[in-house]
Amino acid sequence: MALQDHSFKHSKYERPNQDWICGWSKEGWSCKIGPRENGSCRAASECFPIKKGDRWFCTRQESDGGPCQEGPLPAGNCSIPIPPCQPILSLRKRRGRVSFWTIVLTLGILFLILPYPNGSVLVSPGDIHAVHGNFGEQCERCHLTSSEHVAVPVVDGLSKAESIGDSQLCLSCHQFGVNGMRVHNQSPKALDAVTGRLKSIQGVPSPPLSLRVLNWLPDGFHAPSQSTACGTCHQEHQGKSSNLQSMDDQSCQVCHTIQFSGFGDGHPELETYPYKRRTRVAFDHNSHIDKHFLKEDKNNDFGSCDSCHGLSSTNQTMFTKAFNTSCAKCHTQELKGIGNEASLVFFRLPEIDLFSLGEKRIGAWPEDLKGDLGLEQDLTPFMRLLLETKSSATVPLAQQQLSTLAGDFTLLQEHGHLYDLESAGPEVLEASERIIWAIKNLLFELSTQGQQAIITRLKGKKISSALGRTLGNKELSALAAQLPIGVLQTAQQAWFPRLEEEIRIRRKANQESGRAVSDLSLSPAIFAQEKSSFSYDPSVIGENEDGDFDLERMLEGAASKNTGIGGDDIFTDDSIGDDISSQSFSEEEGADEEVSGVVVNGQESEEEDVDPAEVQERDKKREGGVSTGGWYHSNSDFSIKFRRSGHEDRFSYAWLNLANDVSSTSMNPSGSQLLAHLANSFGSGSCLRCHSLDQQKDENDQMFRQTINWSSFRQIPHYQPSTHFSHGSHFSLVSKEKTCQTCHMRKESEEKDWTKIWFEQNTNPLKYSSNFKPIAKETCSTCHQKNSAGEQCLLCHNYHIGQSSVKLVNQ
């Protein structure tokens, strides 16, 4: 088929880009020069003759028949005039006018319809996703200007400012934190840190051509320092079942420092993935696998990873099974302990260097704990914490200067111990005296009030101020751990049969002297200064003829003078219940036991000395009587002990949490000592032998948070890391040849005691040596290729990083 001949001899010259065309076009012989711009005809003849020399020549084109025979007129005019035409609009112009008026008509209709209820339904661009289906026709839930005049959204809807404004409405339901509108919901500082690390990677390939073209665009899709509109990635109105999270790889990489063609071609190595931090439970995989799991033992049930690990309900992560399922078979006996390792010393009378104290009036004290016996038996951290919660006055109450025993403990710790005061000065000796009376007062409160004595002290202002909160009833109940008052009363009667009389007389004397009733210290020096300020009876205070303290004289005088022993009228800050002598004691707790050098239940022991072996044997029987957990007292070391019930013991859990919280406050010494004590109190069964302790420090390397990891890894609700991995979808690949160790390859450790080095001695969870090698990129890229398992960015990575949630709002 021959193409149309467009040469000047055979084809007419048309002007389709002009608004007006000649009216004779429909007849097939339109004029050559066409109409003017205003649509008027300007053609009057078939040609415009030209003059050559003294003659005129016709210029009619060949397509119109060539030069005419008549030729031009003498004046140079064409001899063949043509009638003027009526110019008409070109097809292009007519189409333009139709389009223009169609738009005008459409906008006019919108102006009339949209202001009315449900008017926006007519102009909806499509169905919204099912997750937003409850919005119905409420366009204003997502668009700032949907309820305003239509001209506003038409113009502003195309602007970046308008899309950012609409994104703010997204954040009214979707929560991404303070950086919700920034790239990856991260602060510029965090993004700069990641960028700096990526720039340090060597051997980065050059970006592919398509990304190099996109890089020419200003700021790519979004700049780290600017806000990013949600609509940049999430396109709505694509249907109810559309994928709102769909995003191509180029859209991800255009902003990234390292750009590559595919996962196997240019993607950086996985570095330490997935072992970013140590496990929360101190567990040495190498030790357990080599020593236990690989043994050829028919009774050994632990031969695979799923013996201890299970797949989460979401099929994403692996969790560690409960203690009773995975650990109890081997470690139950360790938790129960052997002998005294199973028991925790809660209260213990310390040994006192009575020779160095001299004439200090400390009252009765067991003979086995007097003098330089070399026992080095000191206070327990429990006692110190409880004692520090009580205030004691060092000056008359009129001066309103109260201090705690914390200063006395610090002073004593700097110069010695209660069992070694040989080099102590007067201040240390007086501090020691106050501590001793505080110990006796604590035992008195425990034996008269029981659990309430512990609860009252822990609910005090000192603990509440240190924690920044008040302990709840559930916490207090666990801290008291159902301590039986019978155990306390039996111990008090065995060690201090006249403790009630001592305490009451001391408080009576303090009240009359204007000192705090709770301040039981009344040294000779202080007494000499104050005895003239109040009326006293030497027999009541306990002075003998030489002015020295005499306990027996004090007790006898109190009994004869009826100083109020047994009454409650002399107490202003401590409530003491009924008289101890009126309370019953449990026979099985040894109410009538004989203890060397003390009076038991108000009567002298028949034997002056009791065989220590017999006393220890009785203590052992009492411990055996609480084999499933509970309280008992020990006369061999003058202590009250608690035997843990096993794993998840409430008492151990509650006191460890309290010690951990207090250790980072103003009560740091007491809390730290108690935490260290509890961490090692059960020997091989210590809680913190398995449950790691994490510390977080500020920029000045100062600890501001310390956490006990009571459970293994648990996925944080509404938290998204930078990567995700589905274990469930990969389980189909597991076989005898491809086990879990195909990806999780063990790494031999040079440390013999791996858990001690990286868990007990190190509290930084990010600083450790893993039992496993990092997963190599080649391990993943073997399957994850473009034409097989896929290598899309969103297959492994999350865009929104950190805490995110959907807030419940009123619809």
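In the predicted model, the side chains of K370 and E367 form a salt bridge, with a separation of 3.4 Å from N to O.

A second salt bridge joins the side chains of D408 and R434, where the N to O distance is 2.9 Å. D408 belongs to helix α12 (residues 406–415) and R434 to helix α13 (residues 426–449), so this pair ties together parts that are 26 residues apart in sequence. Both D408 and R434 are buried.

In total, the structure holds 16 salt bridges. Among them is the pairing of R746 with D290, whose side chains meet at 3.2 Å, N to O. R746 is located in the loop between α25 (727–730) and α26 (754–760), whereas D290 is located in helix α7 (residues 285–293), so the bridge ties together parts that are 456 residues apart in sequence. The two partners were assigned to separate classes of accessibility. R746 is buried, because its relative accessible area of 19% falls under the 20% limit for that class. D290, with a relative accessible area of 43%, is partly exposed.

Attention then turns to a cysteine in a loop. C85 is found between β3 (55–57) and β4 (88–89). With a relative accessible area of 6%, C85 is buried. Leaving aside residues up to four places away in sequence, C85 touches C22, G23, W24 and C41. The C-alpha atoms of C85 and S40 are separated by 8.6 Å, although these two residues lie 45 residues apart along the chain.

A nonpolar patch was also identified on the surface. The patch is formed by I103, L107, F111 and L112, which together have about 370 Å² of accessible area. One of these residues, L107, is found in helix α1 (residues 91–113). L107 counts as partly exposed because its relative accessibility is 32%, a value that lies between the 20% limit for buried residues and the 50% limit for exposed residues.

Key: Residues numbered from 1 in each chain as written. Predicted model: local features only at pLDDT ≥ 70, side-chain atom pairs only at ≥ 80, totals over all residues. Heavy atoms only, no water. Helix = DSSP H or I, 4+ residues; strand = E, 2+ residues; numbered from the N terminus. Buried < 20%, exposed > 50% of the residue type's maximum accessible area, 1.4 Å probe, protein only. Contact = heavy atoms within 4.5 Å. Patch = residues over 30% accessible without salt bridge, like charges linked within 9 Å, V, L, I, M, F, W, Y side chains within 5 Å. Areas by Shrake-Rupley, 256 points an atom, 1.4 Å probe, with all protein chains shown as cover. Salt bridge = Lys/Arg side-chain N within 4 Å of Asp/Glu carboxyl O.
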